[in-house]
Amino acid sequence: MSSELEELLPEELNSTERELLESAKSVSKRAYAPYSGFHVGSAVLLENGQILQSSNQENVSFPAGVCAERLVLGYAGANFPESAPVMLAVVAQRRGEEEWAGVSPCGICRQTINEVENRFGKPITLLILKSDGNVLRIPGISHLLPLKFDDLNQ
Ligand code: THU
């Protein structure tokens, strides 16, 4: 793991980070995930202070399903194009389980986060809930997507 990746105890989170994670947890309860049983919640903090949230939404034609992170970032871009997303939280829970599962954004979501960072010219801090309750804080998608498509295209 790179040194830019911090692992925080729950009590080390500030109030904004806590609020964002709580928002992601609460929306994960509304996931539509009948095929995987994996309920994901994602919440984004915009520069204007607004918090938006989404769960994953699956489809019987599996590739048509959409991850929570991509849905919330798409909604943010479509409705608040003037306000940069600055922080994104993601949490997950398996159907029927009480404890939280660890989840890290998939490859397509990483590419989507990268696009939003480029669009607004700002890194997005990522908060990832681990199954032990600690939170990984990552100061931008470049740490999860080294040598990405556009890195050599300057
Ligand atoms: N999923 C997300 O919503 N976000 C992730 O970061 C990983 C995976 C969803 C996709 C699918 O609905 C389910 O979790 C199982 O892969």
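I will go through the ligand site, and then one record entry.

This is a predicted model, where local features need pLDDT of at least 70, side-chain atom pairs count only at pLDDT 80 or more, and totals for chains, interfaces and linings use all residues. Residues are numbered from 1 along each chain as its sequence is written, and side-chain values use heavy atoms, with hydrogens and water left out.

Which residues are around the ligand? They are Ser-36, Phe-38, Val-40, Asn-56, Glu-58, Cys-67, Ala-68, Glu-69, Val-103, Ser-104, Pro-105 and Cys-106, each with a heavy atom within 4 Å of the ligand.

Now the polar contacts, meaning pairs of N or O atoms within 3.5 Å. Glu-69 places a polar side-chain atom 2.5 Å from a ligand oxygen. For Asn-56, a polar side-chain atom is 2.9 Å from an oxygen of the ligand. Ala-68 uses a backbone N or O atom, also 2.9 Å from a ligand oxygen. On its own the ligand exposes 370 Å², and the protein buries 77% of that, by the Shrake-Rupley method with a 1.4 Å probe.

Two elements give two or more residues to the shell: β2 (38–46) and α2 (68–79). Helices here are DSSP runs of H or I with at least four residues, and strands are E runs of at least two.

Last, the record. An unreviewed UniProt entry lists residues 15–152 as "domain: CMP/dCMP-type deaminase"; such annotations may be inferred rather than shown by experiment. That span is 29% helix and 24% strand, with its end C-alpha atoms 38 Å apart.

Conventions: A polar contact is a pair of N or O atoms within 3.5 Å; within protein, one must be able to donate a hydrogen and the other to accept it, and residues adjacent in sequence count only if both atoms are side-chain atoms.
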